[in-house]
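Morning, everyone. Let me put one model on the screen and walk you through it.

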Amino acid sequence: MSQILTGKRLLLVAACALVDTDGRVLLAQRPEGKQLAGLWEFPGGKVEPGETPEQCLIRELQEEIGIETDIPCLAPLTFASHSYDDFHLLMPLFVCRRFRGIAQPKEGQVLKWVRPKQMRDYPMPPADAPLIQFLIDLL
Ligand SMILES: Nc1nc2c([nH]c(=O)n2[C@@H]2O[C@H](COP(=O)(O)OP(=O)(O)OP(=O)(O)O)[C@@H](O)[C@H]2O)c(=O)[nH]1
């Protein structure tokens with residue numbers, strides 16, 4: 001039965017692999033005090049009611065790291081579908097190579113540009129592990 005209906009709420013989170021001109025991807029370390037603190041993740045966040053995933057990312061990139069981009073610069077790559085204890089995460093991952101500004105940690109995170117082949121050295125949330133190979137293949 002549990003494989004048919006989990007009863008968990010579905011949480012839609014949009015995430016973005018920002019890629020620099022050297023083919024490195026920006027990871028952000030979740031600050032202390034938050035769920036999954038210390039783990040490295042892609043910038044992004046929960047899609048709010050009335051928002052598309054793309055609009056959500058444009059807002060989150062601006063709020064979290066001061067980066068500006070536009071909808072045509074967000075290319076869908078893959079997605080994560082992963083059950084946490086209290087919700088099931090559905091997380092589209094976009095790739096963005098064209099953006100304006102210099103990434104700054106505006107919410108107490110640590111930011112790091114990382115080559116996809118090195119991403120396994122950075123502990124990430126369980127939902128993210130299957131996404132790394134897509135970035136290795138792409139970049
Ligand atoms: N942004 C982002 N969130 C991820 C990734 N992987 C992953 O499991 N998540 C999960 O997706 C949810 C994202 O929500 P969020 O960043 O908006 O929320 P949050 O926990 O910081 O909470 P808050 O912003 O409400 O304080 C979190 O539960 C986070 O653990 C990822 O690579 N990037």
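Start with Asp22. It counts as exposed because it has 8 C-beta neighbours inside 10 Å. The cut-offs: buried means 20 or more other C-beta atoms within 10 Å of the residue's own, exposed means 12 or fewer, and partly exposed is in between, with C-beta atoms placed from the backbone. Asp22 sits in the loop between strand 1 and strand 2. Helices (H or I, at least four residues) and strands (E, at least two) are DSSP runs, numbered from the N terminus. From Asp22 to Phe87, 65 residues apart along the chain, the C-alpha separation is 36 Å.

Thr21 lies in that loop too, between strand 1 (9-18) and strand 2 (25-29). Thr21 counts as exposed because it has 6 C-beta neighbours inside 10 Å. Its C-alpha atom is 9.5 Å from that of Arg98, 77 residues apart along the chain.

A word on provenance. This is a predicted model: local features need pLDDT of at least 70, side-chain atom pairs count only at pLDDT 80 or more, and totals for chains, interfaces and linings use all residues. Residues are numbered from 1 along each chain as its sequence is written. For the complex, the predictor gives an ipTM of 0.94 and a pTM of 0.95.

Now the core. Which residues have the most contacts inside the largest nonpolar core? Cys16, Ala17, Leu18 and Leu57, in a core of 32 residues. Such a core is a set of buried Ala, Val, Leu, Ile, Met, Phe, Trp, Tyr and Cys residues joined through C-beta atoms within 7 Å. Two or more residues each come from strand 1, strand 2, helix 1 (53-65) and strand 6 (87-96). Strand 1 gives the largest share, 6 residues. Take Ala17: leaving out residues up to four places away in sequence, it touches Val25, Phe42, Leu77, Leu93, Val95 and Leu135. Contact here means C-beta atoms, placed from the backbone, within 7 Å.

On to the ligand. There are 14 residues around it, and Glu41, Gly44, Gly45, Pro125 and Ala127 come nearest. Near means a C-beta atom, placed from the backbone, within 6 Å. Strand 1 and strand 4 (44-46) each give two or more residues to this shell. Strand 4 gives the most, with 3 residues.

That's the tour. Comments welcome.

Definitions and conventions. Two residues are in contact if their C-beta atoms, placed from the backbone, lie within 7 Å.
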